[in-house]
Amino acid sequence: MTVFQPLYSGSSGNCSLVTNDLCGHGGALLIDAGVSCRAILEGLSQAQVQPCQLSGILITHEHSDHIKGLRVFAKRFRTPVYASPEVLAYLQQENYLPEDYPAFALSEPAEISGMLVSPFDTPHDSVHSLGFRIDTAQGKSIGIATDLGTVTESVRAGLMGCDLAMVESNYDASMLECSSYPYYLKRRIRGNYGHLDNLGCAEELAELAKTGTCQFVLCHLSEENNLPELALQTVYGRLAQDGISAGDFRLQAACRQLPSPQMVL
Ligand SMILES: [Zn+2]
Ligand SMILES: [Zn+2]
C-alpha cells in the first residue's frame, strides 16, 4: 500500500510524507523539512511512522520554508538527504549537513527503497528547484510540484500520468492584487520564477486529469492571498468545464499547521 500525506504546507513550512509497503520491504520518504525538527517528529508520530523508518529526505530547494528543520533532524537521525547538486552544495556550505553526512546529488532518477524518484526542474527563484515523481514497484505514482512560477514542459512531463499529484495553488490573483504586499513582492510572486496561482494550478490539474490523475492535493496556499475554499472551488469549476464531476476525483487542500488526511493509492 502506498500512502501520501502532507504534514505541513505553506510559507510557514512544508513537509510531506510518502510511505510504500511499510509493513513489508518498502520504505518512507519525506519531501522537504521546512518545519522544526519537533514538528516533523510530531507529524511522523501522527502518521505512525518512526524516524528510523525513513529511507530519505528529498529537498525541493533551499528556501527556509523547505529546510528549516533539516539541520537538527539530520543531526539526530542521519536520514539520507537527496537534492539537486546546487542545493546540496548550499546545504553543506551553510552547515545544514555535517561533512560526512549521507547526502546524494539527484540529477537522474534514483531508486530508494523500492521507489523510483525522478527529479524534474521547476522554475523558481532559488539556487535550483526540483519537483519529484515517485514511482513504486507496485505501479503507483505520485507527482509533486511546489514553488513554481509557471508550468513548464519539464513540469508537465514530470507530472503526466501520475495517480496522485500535489501542485502549488499559492494565491488568488485578485486577492494578491488588493493585498498590502509591496509592489516588488507582488511582482516576485506573480513572476515566472515565483509562485503558481489558483487558475494556473487548476489549468494544470485539468491537463493531468486527462492523463488519468484522479487524486489531487493543492499545496503552499498563501495565508494572506488565498482561501482553501477558493482554491478548491477554482479546481472544481475548471474540471467541471471538461465534464469531470466532483465524484470522479479526490481533491484536498493541504493544511498549514497540521497533518492533512492520508491519501491511499
Ligand atoms: Zn521557495
Ligand atoms: Zn516555499
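**Exercise 1. Find which residue stands opposite Q5 in β2, and work out how β1 and β2 are joined.**

Start at Q5: its opposite number in β2 is L17. This is a predicted model, where local features need pLDDT of at least 70, side-chain atom pairs count only at pLDDT 80 or more, and totals for chains, interfaces and linings use all residues. Residues are numbered from 1 along each chain as its sequence is written, while chains are lettered from A and ligands numbered from 1 in the order in which they are written.

Next, zoom out to the strands (DSSP runs of E, at least two residues; helices are runs of H or I, at least four residues; both are numbered from the N terminus). β1 (residues 2-8) and β2 run antiparallel, with 6 bridges joining them. Strands count as paired if DSSP finds at least two bridges between them.

Last, the turn: 6 residues sit between β1 and β2 in this hairpin, and G10 there has a positive phi of about 125 degrees.

**Exercise 2. Now do the other neighbour: how many bridges join β2 to β3?**

Count 5 bridges, again antiparallel, between β2 and β3 (residues 27-31). For a landmark, take N20, which stands opposite G27 in β3. This hairpin also has 6 residues between its strands, and D21 in the turn shows a positive phi of about 45 degrees.

**Exercise 3. Work out why the buried residues of α3 line one face of the helix.**

List them: L70, F73 and A74 are buried in α3 (residues 70-77). Look down the axis of α3: the buried residues fall within an arc of 100 degrees (taken from the directions from the helix axis to the C-beta atoms), so they line one face.

Now see what covers them: the cover includes α1 (37-46), α2 (64-67) and β5 (81-83). Finally, step just past α3, where R78 takes a positive phi of about 50 degrees.

Note on methods. A residue is buried if 20 or more other C-beta atoms lie within 10 Å of its own, exposed if 12 or fewer, and partly exposed in between; C-beta atoms are placed from the backbone. Two residues are in contact if their C-beta atoms, placed from the backbone, lie within 7 Å.
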